[in-house]
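Please keep the sequence and the coordinates at hand while reading.

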Amino acid sequence: MQNKDRELFSFVILSYKNYHYIKDVLVSLFAQTYPNIELIISNDCSDDFNQEELADYIDKNKGENITNVIINNNETNLGTVQNVENARLMAHGEYIMYMAADDALYDENVLERYAEEFLAQGEDTLVVASLTAMCGSELDDIETYAPDDDGVNAMRTFTPQQMYSRISHTFTIPTTSTAYRMKLYDVVGGYDTSYYIIEDATLYAKMCRMGVNVYWIDDMIGARHRGGGISHGNKVNLSEAYRKYRLDEVMLYENDIIPNIKLLSRKDRKLFKRKYRFVKQAYYRQFINPTLPKSKQLQNKIIHFPYIIINMLIRVKIKAINLLPLPEFCKIGFGMAISGILCLILGNVYFTMPSFGTIALLIYTITGLAFTILHYVYRTIATVIDAVEYILFGDRFKK
């Protein structure tokens, strides 16, 4: 099929201090079977970027299916979000996909498959996604896949509103292996450049809130993601980029989620509140509090003491859940205790039971009682912690 017979597919490579990996993603792109690809590379003013060398490499290695090439090098560092938005505005394709310079497409059929799914699902399908292979420092070292089974089930079955509710506390849509029909941006607008690092979660929150569904492709892996990015906690925690990432998280919750808190399910609202408190406290503790005078730091510790207590209680609850047996075992334990007591009574009142039999039944009964007591200990701990959390904070996000 000739290039002109297929819609243009824009593929954006975002570079910032990872130029030494860029040939990996280019090799994966040049291997694509899709016949009409626009390549856009945008470097956010990192000093390792060699535009002339890159242009020469592309010219020598690209195939006929790479029908347009744009290389952009920002004169100043704009941040990830602005860099993505600028690259989007340069694109001419019907479809678009973004990838960091240190990641790669999974195999040679990725763009072809995405384009086929867009055609098969129709004009109303604006976003398609598939699994991402999560790798170590090398892209052939696959450690796991994202999202996990719970996330995949959500991608398959959730409505946009249910997904909005979920991503309020758990980022689920796998950015690296997601492609978009360009018309999406006519519906939801471009990337919000008031943020600096996080471009994906802000788009997804708005997208789901506005009723845009993400079509999930079950039998496909779209990309290989190299470990080491800020969002995976692998950067120096007090770096400026990490600070901006954490600030973006706080802004997302305060600008988008809290004003729309009523859209969240009861369970997700509870999880969101805890995530928001944790993120905001962590940001304040790491980046704001150390810059304040000692007296102000002490004052803030006193003001935030209830938060410290509730976080400690929540950790106790989680530990209790992990340490105590499952409810099913507790039910079995209750049955063991009752049957053991009955056997002891019958065995010693109506029959002559040997001492070793009595001892064995005692151990059996005590084990059952222990399981039962532990079950109620857990329920008591969970109830008390939930009550304390409500007393301290109530439903303070209710609008």
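Leaving aside its neighbours within four places in sequence, N18 is in contact (heavy atoms within 4.5 Å) with D48, A101 and D102. The structure is a predicted model, in which local features need pLDDT of at least 70 and side-chain atom pairs count only at pLDDT 80 or more, while totals for chains, interfaces and linings use all residues. Residues are numbered from 1 along each chain as its sequence is written, and side-chain values use heavy atoms, with hydrogens and water left out.

N18 is placed in the loop between β1 (9–15) and α1 (22–30); helices (H or I, at least four residues) and strands (E, at least two) are DSSP runs, numbered from the N terminus. With a relative accessible area of 9%, N18 is buried, where buried means under 20% relative accessible area, exposed over 50% and partly exposed in between (1.4 Å probe, protein chains only). N18 and D102 are separated by 84 residues in sequence, yet their C-alpha atoms are 6.1 Å apart. The side chain of N18 also makes a polar contact with the side chain of S15, at 3.5 Å. Such a contact is a pair of N or O atoms within 3.5 Å; within protein, one must be able to donate a hydrogen and the other to accept it, and residues adjacent in sequence count only if both atoms are side-chain atoms.

The strands come next. Over 6 bridges, β1 pairs with β4 in the parallel sense, two strands being paired if DSSP finds at least two bridges between them. In this pairing I13 stands opposite M99 in β4. Strand β4 (residues 95–100) also pairs with β8, in the antiparallel sense and over 3 bridges, and M97 stands opposite A179 in β8. β4 is mostly covered, with 5 of its 6 residues buried.

Which residues have the most contacts inside the largest nonpolar core? They are Y98, Y180, L184 and M207, in a core of 55 residues. A nonpolar core is a set of buried Ala, Val, Leu, Ile, Met, Phe, Trp, Tyr and Cys residues joined through side-chain atoms within 4.5 Å. Helix α9 gives the most to this core, with 7 residues. Apart from this core lies another, of 33 residues, which includes I22, M97, Y114 and A223.

A search of the whole structure finds 14 aromatic pairs. Rings of Phe, Tyr and Trp (its six-membered ring) pair if their centres lie within 6.5 Å; planes under 30 degrees apart count as stacked, over 60 as edge-to-face and the rest as tilted. Y253 and F272 form an edge-to-face pair, because their ring centres are 5.5 Å apart and their planes stand at 75°. Y253 lies in helix α9 (residues 240–257) and F272 in helix α10 (residues 266–288), so the pair ties together parts that are 19 residues apart in sequence. Both Y253 and F272 are buried. Elsewhere, ring pairs link F9, Y34, Y95 and F118 into a cluster.

F272 is also one of the contacts of H169, together with D268, L271 and K275, once neighbours within four places in sequence are left aside. H169 is found in the loop between α6 (160–167) and β8 (178–181), and its relative accessibility of 12% is why H169 counts as buried.
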